[in-house]
Amino acid sequence: MKALIIGGGGFVGPYLVNHLHDDLGYEVAVTKTAKEQLALSNAVVYDCDILNKSEITDVLETVRPDYIFHLAAQSSVSVSWKNPALTIDVNIKGAVNMLDAVRELDYKPRVLLIGSGEEYGHIRQEECPIIEDTVLRPGNIYAATKSCQNMLGSIYAAAYHMDVMMVRAFNHIGPNQTPLFVVADFCKQVAEIEKGIKDPVMYVGNLSAKRDFTDVRDVVRAYALLVQKGKAGETYNIGTGHALAIQEILDRIISLSDKKIEVRVDAQRLRPVDVPIIEPDISKVHDCTGWKPQIPLEQTLRETLEYWRVQDLCQK
């Protein structure tokens with residue numbers, strides 16, 4: 001089988017490549033932006049600007065994949081507040097370009113559009129755990145663009161009989177994630193404190209918000225199973241099914257260090273709008289594929305902290 005990962009230069013891409021190639025034996029191709037560095041021994045890498053449809057078409061015609069994973073995104077909520085136009089361009093226009101390029105092919109590959117649990121937005125307490133049919137009330141610009149991408153995928157699947165499936169992936173974490181995201185940020189700060197690079201003070205945002213955290217290696221297993229077994233036009237939640245307060249995540253990370261660390265709230269890290277709890281029901285993906293997360297949270301946090309401990313943090 002041939003797989004194409006569009007937008008493989010970020011956090012998830014190399015993990016997905018490793019799973020598809022090393023575990024499943026697929027031929028794998030990956031696209032990245034011209035500015036990204038991506039050295040992979042187990043995949044062919046192409047530069048591709050998803051805002052240029054012809055570049056996507058060229059890659060598709062060269063690779064002729066059986067499966068397409070659309071990972072390309074501006075995936076930071078904080079960045080989406082600061083640069084909404086970029087977020088809209090990449091997450092909506094880029095997805096439309098990809099879908100149109102696939103629609104014009106002379107065969108029908110299976111396409112998985114990667115969305116986010118943030119799409120559900122302002123969840124009422126009685127709505128948790130969240131099923132895929134829950135009303136979407138996006139609470140930030142990133143979430144709004146991913147909701148739009150999901151709707152576009154449904155429309156293309158129905159109107160053009162395309163083999164498109166969607167996921168709403170909840171927070172996924174692990175080594176090599178950018179510190180724009182909360183777990184990587186906390187681990188990086190602890191590593192900096194341990195190395196004496198910064199004072200023993202951690203700066204944090206809203207610690208009361210509850211989120212579902214899944215190891216990225218479990219997430220990519222779910223993606224691979226869905227392109228094999230998922231149903232066209234359907235959306236699937238990917239997560240553990242259990243939300244934890246950011247405070248608890250912070251406490252667990254700090255407990256992995258022998259340093260005495262003070263915690264302070266940094267107003268600049270608070271979002272204009274923050275959703276109190278996001279917790280998924282994952283029974284649909286389990287019923288369809290048999291998938292369930294396998295890697296314990298403690299292992300993921302420990303390995304993420306170890307990743308930052310061995311980095312040259314002066315360069316990060």
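Modeller: Let us begin with contact, which here means heavy atoms within 4.5 Å. Please keep in mind throughout that this is a predicted model.

Biologist: Which residues is Ile5 in contact with, leaving aside its neighbours within four places in sequence?

Modeller: Ile5 is then in contact with Gly13, Leu16, Val17, Leu20, Val28, Ala29, Val30, Thr31, Phe69 and Leu71. For the protein, residues 24 or more positions apart account for 78% of the contacts with a separation of 6 or more.

Biologist: What tends to happen to nonpolar side chains in soluble globular proteins?

Modeller: In such proteins, they tend to be buried together. In this model the largest nonpolar core has 35 residues, of which Ile5, Leu20, Phe69, Leu112, Tyr223 and Ile238 touch the most other members. Several elements each supply at least two residues of this core, among them strand 1 (2-6), helix 1, strand 5 (110-116) and strand 11 (235-238), while the largest share, nine residues, comes from helix 7. Apart from this core lies another, of 26 residues, including Leu4, Ala72, Ala101 and Leu105.

Biologist: How should I read a pair of aromatic rings, and how many aromatic pairs are there?

Modeller: One looks at the distance between ring centres and at the angle between the planes, where an angle over 60 degrees counts as edge-to-face and one under 30 degrees as stacked, with the rest tilted. The count comes to five aromatic pairs. In one of them, the rings of Tyr26 and Tyr67 have their centres 5.9 Å apart and their planes at 45 degrees, so the pair is tilted. This pair links distant parts of the chain, 41 residues apart, with Tyr26 in the loop between helix 1 (12-23) and strand 2 (27-32) and Tyr67 in strand 4 (residues 67-70).

Biologist: Are Tyr26 and Tyr67 buried or exposed?

Modeller: Buried means under 20% relative accessible area, so Tyr26 counts as buried at 8%, and Tyr67 likewise counts as buried at 11%. The rings of Tyr307 and Trp308 have their centres 5.2 Å apart and their planes at 80 degrees, so that pair is edge-to-face, and both residues are buried.

Biologist: Where do charged side chains sit over rings?

Modeller: Arg103 lies over the face of Tyr160, at 4.5 Å from the ring centre, and the charged end of Lys284 sits over the ring of Tyr236, 5.0 Å from its centre.

Notes: Residues numbered from 1 in each chain as written. Predicted model: local features only at pLDDT ≥ 70, side-chain atom pairs only at ≥ 80, totals over all residues. Heavy atoms only, no water. Phe/Tyr/Trp six-rings, centres within 6.5 Å; stacked < 30°, edge-to-face > 60°. Helix = DSSP H or I, 4+ residues; strand = E, 2+ residues; numbered from the N terminus. Buried < 20%, exposed > 50% of the residue type's maximum accessible area, 1.4 Å probe, protein only. Lys NZ or Arg CZ within 6 Å of the ring centre and 35° of its normal. Core = buried A, V, L, I, M, F, W, Y, C linked by side-chain atoms within 4.5 Å.
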